[in-house]
Amino acid sequence: MKLSRRRFLQLMGGATTGLATAGCSWELMPTSGAEPKKWTNLTEEWIPSLCQQCPGGCGLMVRVVDNQVVKIQGNPLYPINKGRICMKGHAGLQVLYDPDRLQGPMKRKRGSKSWQPIGWEEAIRLVVDRLTVLRKQGKSHTLMILGGQYRGYRDRLWKRFAEAYGTPNYIRSRCLEPERAAKTHFFMQGITQPLGYDLRETSFLLSFGCNLLESWISPVYQLSAYGHLRQGRPGRRARIVQIDPRHSITALKADTWIPIKPGTDGALALGIAYVIIREGLYDRKFVDRNTFGFEDWVDENGDSHRGFKRLVSEEYNPLRVSDLTDVPVRTIFSLAREFATQKPALALGERGPAFHSNDIYTRMAIHSLNALTGNIGKPGTLFVQGELPLTPWEPVKKDNPTEQGEAMPRIDGAGKGKYFLASDVVEQLPKSILTAKPYPVNAMFLFHTNPLFSHPNKALFASAFEKIPFIVSFSPFLDESSQYADLILPDHTFLERWQDDPVTHQAGFTLFGISRPVVKPLYDTRDTVDVLLEISHRFGEPVESAFPWETYEDILYEGTQGLFESERGYVIDEPAKESFRKIMERQGYRVPDFEFFDEFWEALLVQGAWWDPADSYGEPWRLFKTKSRKFEFYSLNLKHQLKTAAQTIEKESGIPVDQALEAILNEQGLQVRDDRLYLPHFEPMPYAGDKKKYPFHLTTYKLMSYAGGGGANQPWLQENPAVHLKDKWDSWVEINPQVAQNMGITDGDWVWLESPKGRVKVKARLYAGTAPNMVNLPVGQGHLAFGRWAKGRGVNPNDLVINMDDTLKGFGVWGMTRVRIKKI
């Protein structure tokens, strides 16, 4: 076949056009023989925005022509990503132009799968009428607001609405690692906000299962930090050690990968502490001045207590730890010596250890390494983030129905009994709803969460949702959970709405990102914040007065006046100006950029963020807010909370404190009963599934592309999920090649993967980074709804994972299920 140059260029032009328009509005795509829709206004704008595809908090610049988004790239001024974005940022086009977006409010009759359009006025009236009746009946507490992963004003507004309306049931599905880790920081440092990690300036990074280069908090920032650690500091090349059961991308790029038995990270951390203490490598000055409970101590009653030093020395010698973890003794010694001597150093324990039943104590053990070596509050270690000086809100004025509703126990039992440590207990919701204990749920709002896909108890959630008389979803898409709603009031996508993003996970600065809509809404959708404000205004007092704003823009305008008036920080700017500011500040000068707030506001919208790079984070009063005002190896906060929980049971049921305490510990599944309860220690894990019948440990992991399933409806992300296997548009299970050979399984064969809960049909991929007694299954596929690109592709690991009580955190335990494999 002959192909002329002219014909070749025609074909290439058509292919390029197809690629270029893949993310644009489907109305712009030419149909058979039709002329493509032409732009009427060729003027282009570059508008700053904020990526909402993951918790990373990247700043964007969006190219807009004729109210059409044609390109997304990074904001070069934004401190988090400095002009870089990952594949998820680029795919924001396909969120905006998804052909399966809901185009306006919808309602359905119970029992029907048919949805009917409804006007906004009627939809809001239905919500207000239903909630007004509940409030008049003294049942405001039976409204449950179930939220997902978001931060900033949206979280504050939902919390304020619950407070003003009179329900204790604002419940968050919190599986973000920094939010989960905050409990550990509270026990040991007395602080509730997440800590910031100064990754760029560390010299030794000890990562316990933290997937830095793919799916942890902010992949773009972390990839940039990785490059800086490797090549950005002449003469200084940081050493990175990845402790992980699976050979992840981070393990591949680390200097050393240390395989470990799942769920034993805490034991390894304590074994490392043993060597550091035994060889006198710990920071004596820091430990003596800034820690409590390292040595044995005596309380005010004269009772003696065991300290961290004696506990570790008696119970975690490297021989025992090696037996528990499968990590060689020699490796434990070398890790300890390197970590203690190469400063600054940083020990991280995130997603890997976070989804086991012993999570809290594991995190405490890992975090104790930072204190033991004095790696807290210094460059290259970890810091307490600064508070944003936003304009404070007036307290909510409450009437009797509000106070009575708020005083009712939470439907999820958080903060009481066996869940005394948990802020939210998502895993308890189905049981509470189905049994109507402590009371029935009469209405539910769903915002930015999809438990019928994301939770191991998804089938039980479906049964529970059917029992709730009135459900309102605010999802822009018909996902698995929204299918059970009575009303859907679709939110704008993130490029169509106002946004704020207070970044809490990066060390070295305080940051408040802001963005306005970059295009007019494509459909008859509304910003959920504006809808919530309108609903609140129709209730009358006291709910109405709690929300004095008309729009989300009003909230941001008022709040950022606090930034302007704080006389600290700046609107982000070009590097040359930033450098000049640093020079001036070192000389003791600060020159405000704006005389009036409106000038500040306009610049904020043009540039995209305010930040304070000069905030100081190492002051002891900010680092340690415990009772002892020190880092607590022996957690007095944990001891106080456990005692308070037992006293509450005694008060409510008459059970003596000692018996109540024993009951709590039994429900927690904790094996220790002495001072070890308040010290970092190793708790063995129970497993779901008999080892003989189910010989493989199931490990789930997140990919960069569709970390939690939210990107599965975006074709660009489906095309780029697995760089290590070059697989796409489907799921796979990773099997050790030798094990697969023994079972007669070759690469690409279809197998049954079965747990005691159920089984799924999935493609086998032979991966040498898989331990012989493990299999790895990525999270993100297996949707039963969520649009044409997501539905019916791959498998959902939650069809296999057996949910076990997560009494310490309340979300659910993912890392304790055994499976077996059968070739089809």
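This is a predicted model: local features need pLDDT of at least 70, side-chain atom pairs count only at pLDDT 80 or more; totals for chains, interfaces and linings use all residues.
Reader: Which residue of strand E28 is the bridge partner of Glu 734?

Author: Strand E26 covers residues 732–735, and Glu 734 lies within this strand. E26 pairs with strand E28, residues 759–766, in the parallel sense over four bridges. Within E28, the bridge partner of Glu 734 is Arg 765.

Reader: Which residue of strand E29 is the bridge partner of Ile 735?

Author: Strand E26 also pairs with strand E29, residues 774–778. This pairing is antiparallel and runs over two bridges. In E29, the residue that partners Ile 735 is Val 775.

Reader: Are the side chains on the two faces of E26 buried or exposed?

Author: In a regular strand, side chains alternate between the two faces of the sheet. In E26, Trp 732 and Glu 734 lie on one side, with Val 733 and Ile 735 on the other. Both faces are covered, and these four residues are all buried.

Reader: How many residues apart are Asp 255 and Arg 230?

Author: The side chains of Asp 255 and Arg 230 meet in a salt bridge at 2.8 Å, N to O. The pair links distant parts of the chain, with Arg 230 in helix H7 (residues 219–231) and Asp 255 in the loop between helix H8 (249–253) and strand E11 (256–258).

Reader: Why does Arg 237 count as exposed?

Author: Arg 237 also forms a salt bridge with Asp 255, at 3.2 Å, N to O. This pair too links distant parts of the chain, with Arg 237 in the loop between H7 and strand E10 (239–243). Exposed means over 50% relative accessible area. Arg 237 therefore counts as exposed because its relative accessibility is 53%.

Reader: Why does Arg 230 count as buried?

Author: A residue is buried under 20% relative accessible area and partly exposed between that value and 50%. Asp 255 counts as partly exposed because its relative accessibility is 32%. Arg 230 counts as buried because its relative accessibility is 11%.

Reader: Are Arg 497 and Asp 491 buried or exposed?

Author: The structure holds 40 salt bridges. In one of them, Arg 497 is joined to Asp 491, with the closest N and O atoms 3.2 Å apart. As for the accessibility of Arg 497 and Asp 491, both residues are buried.

Reader: What is the relative accessible area of Glu 599?

Author: Glu 599 is found in helix H23, residues 597–607. Together with Glu 595, Asp 598 and Glu 602, Glu 599 forms a negative surface patch. Glu 599 is partly exposed, and its relative accessible area is 38%.

Notes. Residues are numbered from 1 along each chain as its sequence is written. Side-chain values use heavy atoms; hydrogens and water are left out. Buried means under 20% relative accessible area, exposed over 50%, partly exposed in between (1.4 Å probe, protein chains only). Two strands pair if DSSP finds at least two bridges between them. Patches are made of residues with over 30% relative accessible area and no salt bridge: like charges are joined within 9 Å, nonpolar side chains (Val, Leu, Ile, Met, Phe, Trp, Tyr) within 5 Å. Accessible areas come from the Shrake-Rupley method with a 1.4 Å probe; for residues, only the protein chains shown count as cover. A salt bridge is a side-chain nitrogen of Lys or Arg within 4 Å of a carboxyl oxygen of Asp or Glu. Lys and Arg count as positive and Asp and Glu as negative; His and the chain ends are not counted. The place of a charge is taken as NZ of Lys, CZ of Arg, CG of Asp or CD of Glu.
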